[in-house]
Amino acid sequence: MKLKSYDDLLAKVKESPKLSTVAVAGAADEHVIEAVIDAEKLGITRPVFIGDVEKIKAILKEYDVPADEYLIVAADTPEECGERAVELVKEGKADYIMKGMVETKDVLKPLVKKENGLHTGRTISHVVIDEIKAFGQLIVMTDGGMVPYPTLENKRDIIINAVETLKKLGYERPSAAVLCAVEKVNPKMVETTDAAALVEMAKNGEIKDCDVVGPISFDLASSAEIAKIKNYDCEFCGNFDIYVVPNMVAGNLLNKGMLFAGNGKMAGIIVGAKVPVVMTSRGSSADEKFTSLALAALVSQ
């Protein structure tokens, strides 16, 4: 089952029998609280707010929301916000984490501590799900936000993380395009040799429940017509679920280019640990934060 739009994603969240709870680290921000309150109103998630208690209460008052209806956990520093969020997950009081007005490291550092038991041992990566009308379906772009220059082993984990994310959304066997500038293996272009190795990993079961194709260029991956013209025999061209980029810079530029040129929308989460983390830019709109919350709420179950 493929999701065609964010409407499909939101409908799937609302069908879930469980209302997830999100630990909001650094919650004293209007956009953050607006997104979380909107998500709660639609039955997507319930928040626990962490940070400056008085500022959080003041923002809730602005939105005419009674502060005494929520658990608000005091934290004086960004580091403490991240630590309290992880503690809430460990205690079973939260299902996943949202990064508010704190740095990514403030959340990830306690999340991956061995003693906290929330790290799987795999590479932590960033999964973006884009809604761009030209594609006719939601697509995953990874990793454009966590690993600057991934090794082959990192790329294997990045694909596994993306596949697990989509399987939790109801996909049975996602397809992944390992993007390169060319379609042939060139020893001087490490991304092409990595792509060929990743294809073999999928064949031998090191990457499970996924069809991996590469090396393949973005235009071929996105268009069955172009693939046919260039005699690239692949049943997934024009219909890939996952786009695996060679490095973070390429992923960041490609994703932002598609969003702006294609008038698209995005939702982003960090995966690879036992619980997802909503990681949007501190300048992201409330709408982007809201959609990312919906995605994480599903993945956390």
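This is a predicted model: local features need pLDDT of at least 70, side-chain atom pairs count only at pLDDT 80 or more; totals for chains, interfaces and linings use all residues.

Modeller: Residues are numbered from 1 along each chain as its sequence is written, and side-chain values use heavy atoms, with hydrogens and water left out.

Colleague: How many disulfides does the count come to?

Modeller: A disulfide is a covalent bond between the sulfur atoms of two cysteines, and the rule applied here asks for a pair of cysteine sulfur atoms within 2.5 Å. By that rule, the number of disulfides is zero.

Colleague: Which cysteine sulfur is nearest to that of Cys-180, and how far away is it?

Modeller: Cys-180 takes part in no disulfide. Its relative accessibility is 9%, so Cys-180 counts as buried, a word used for under 20% relative accessible area, with exposed meaning over 50% and partly exposed in between (1.4 Å probe, protein chains only). The nearest cysteine sulfur lies 13 Å away and belongs to Cys-237.

Colleague: And how far from Cys-234 is its nearest cysteine sulfur?

Modeller: Cys-234 has a relative accessible area of 16%, and is therefore buried. Cys-234 is likewise in no disulfide, and the nearest cysteine sulfur, that of Cys-237, is at 3.9 Å.

Colleague: How many salt bridges does the count come to?

Modeller: The criterion is a side-chain nitrogen of Lys or Arg within 4 Å of a carboxyl oxygen of Asp or Glu. Glu-80, Arg-84 and Glu-87 are linked in a network of such bridges. By this rule the count is 15.

Colleague: How many residues apart are Glu-206 and Arg-156, which form a salt bridge?

Modeller: In this salt bridge the closest N and O atoms of Glu-206 and Arg-156 are 3.0 Å apart. The pair links distant parts of the chain, since Glu-206 sits in the loop between helix H7 (190–203) and strand S8 (211–216), whereas Arg-156 belongs to helix H6 (residues 152–168); helices (H or I, at least four residues) and strands (E, at least two) are DSSP runs, numbered from the N terminus. Arg-156 also forms a salt bridge with Asp-157, with closest N and O atoms 3.1 Å apart.

Colleague: Is Asp-157 buried or exposed?

Modeller: The relative accessibility of Asp-157 is 7%. At that value Asp-157 counts as buried.

Colleague: Which residue meets Glu-183 in a salt bridge?

Modeller: The N to O distance in this bridge is 3.7 Å. The partner of Glu-183 is Lys-230.

Colleague: Which backbone oxygen does the side chain of Thr-142 reach?

Modeller: Thr-142 belongs to strand S6 (residues 138–142) and, with 0% relative accessibility, counts as buried. Leaving aside neighbours within four places in sequence, its contacts (heavy atoms within 4.5 Å) include Val-127, Ile-158, Ala-162 and Tyr-243. At 2.8 Å, the side chain of Thr-142 reaches the backbone oxygen of His-126.

Colleague: Which residue's backbone oxygen lies 2.6 Å from a polar atom of the side chain of Asn-116?

Modeller: Asn-116 is placed in the loop between helix H5 (104–111) and strand S5 (125–131), and its relative accessibility of 15% is why Asn-116 counts as buried. The backbone oxygen in question is that of Pro-110.

Colleague: Where is Leu-253 placed, and what is the accessible area of the surface patch that it forms with Tyr-149 and Val-249?

Modeller: Leu-253 is in helix H10 (residues 248–261) and, at 58% relative accessibility, counts as exposed. Patches are made of residues with over 30% relative accessible area and no salt bridge, like charges being joined within 9 Å and nonpolar side chains (Val, Leu, Ile, Met, Phe, Trp, Tyr) within 5 Å. Accessible areas come from the Shrake-Rupley method with a 1.4 Å probe, and for residues only the protein chains shown count as cover. Together, the three residues of this nonpolar patch have an accessible area of about 360 Å².

Notes. A polar contact is a pair of N or O atoms within 3.5 Å; within protein, one must be able to donate a hydrogen and the other to accept it, and residues adjacent in sequence count only if both atoms are side-chain atoms.
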